[in-house]
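Q: Can you walk me through how the helices pack in this one? I'd like to go through it piece by piece.

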Amino acid sequence: MIAFLKIAAVLLAALVLQMTLLPRYLLDPFQPNLIIILVVYLGLKLPHRFAGVTVFALGLLQDSFSGIYLGLHAFSYLCIYTLLSELADRLYTDNRALFVLVVFIATIMSALLNLLLLLVFSVGNGLYASLLPALLPQALINALIASLVFGMRLPVEEAR
């Protein structure tokens, strides 16, 4: 029980950083997306049925604070988590380079899924101009932050 409370504290700290402090001090393409790093971590390291619900809830929280369509990030994060949890048994997930590469790919995949959903369900023009220029810097920043936080272990993983 205490391990899950510690995980909840880590998730809450990441949410507070993502929603309040990082947008205040960093420009938009250079803000790390801590939530997608957590999604990749949960998908590769802790594939569990409650982790999928947690990932969906994290996406909904990000959507509610970002002011765009509700469920956009939640759907893309859930797709990424589902794919990674299916691949986790086939990959050597303790490799730092793999984790960084997967975070980079997941960032690009999330942005492309968001773009696809916006193209299908929105009538806005100029979606490419707002999402694509920031895609590569965002993926590189997320990969950099993922390489820094790779050594940290969540309490549930320590108990294994």
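A: Bear in mind that this is a predicted model.

Q: Which residues of α2 and α3 meet?

A: From α2 there are I35, V39 and L42, and these meet T54, V55, L58 and Q62 of α3. Sorted by class, that contact has 5 nonpolar and 2 polar residues, with no charged ones.

Q: What about α5 and α7, at what angle do they pack?

A: Helix α5 (residues 96–121) and helix α7 (residues 135–149) pack at about 150°, with their axes 8 Å apart, which makes α5 roughly antiparallel to α7. The crossing of these two helices is right-handed.

Q: And which residues make that contact?

A: On the α5 side the contact includes R96, F99, V100 and V103, while on the α7 side L135, L136, Q138 and A139 are among the residues involved. The residues of this contact divide into 12 nonpolar, 4 polar and 1 charged.

Q: Switching topic, where does UniProt place the "transmembrane region" feature?

A: The unreviewed UniProt entry places it at residues 6–27, 34–61, 67–85, 97–121 and 127–150.

Q: How much helix is there in 67–85 and in 127–150?

A: Residues 67–85 are 74% helix and 0% strand, with the end C-alpha atoms 29 Å apart, whereas residues 127–150 are 83% helix and 0% strand, with the end C-alpha atoms 33 Å apart.

Key
Residues are numbered from 1 along each chain as its sequence is written. This is a predicted model: local features need pLDDT of at least 70, side-chain atom pairs count only at pLDDT 80 or more; totals for chains, interfaces and linings use all residues. Side-chain values use heavy atoms; hydrogens and water are left out. Axes are lines fitted to C-alpha atoms, for helices over the stretch in contact, and angles run from 0 to 180 degrees between N-to-C directions. Helices (H or I, at least four residues) and strands (E, at least two) are DSSP runs, numbered from the N terminus. Angles under 35 degrees count as roughly parallel, over 145 as roughly antiparallel, 65 to 115 as roughly perpendicular and the rest as oblique. A crossing is left-handed if the near helix is turned anticlockwise from the far one by less than a right angle, and right-handed if clockwise. Contact means heavy atoms within 4.5 Å. Ala, Val, Leu, Ile, Met, Phe, Trp, Tyr, Cys and Pro count as nonpolar, Asp, Glu, Lys and Arg as charged, and the others, Gly among them, as polar. UniProt positions are given in the numbering used here, feature names are shortened, and annotations may be inferred rather than shown by experiment.
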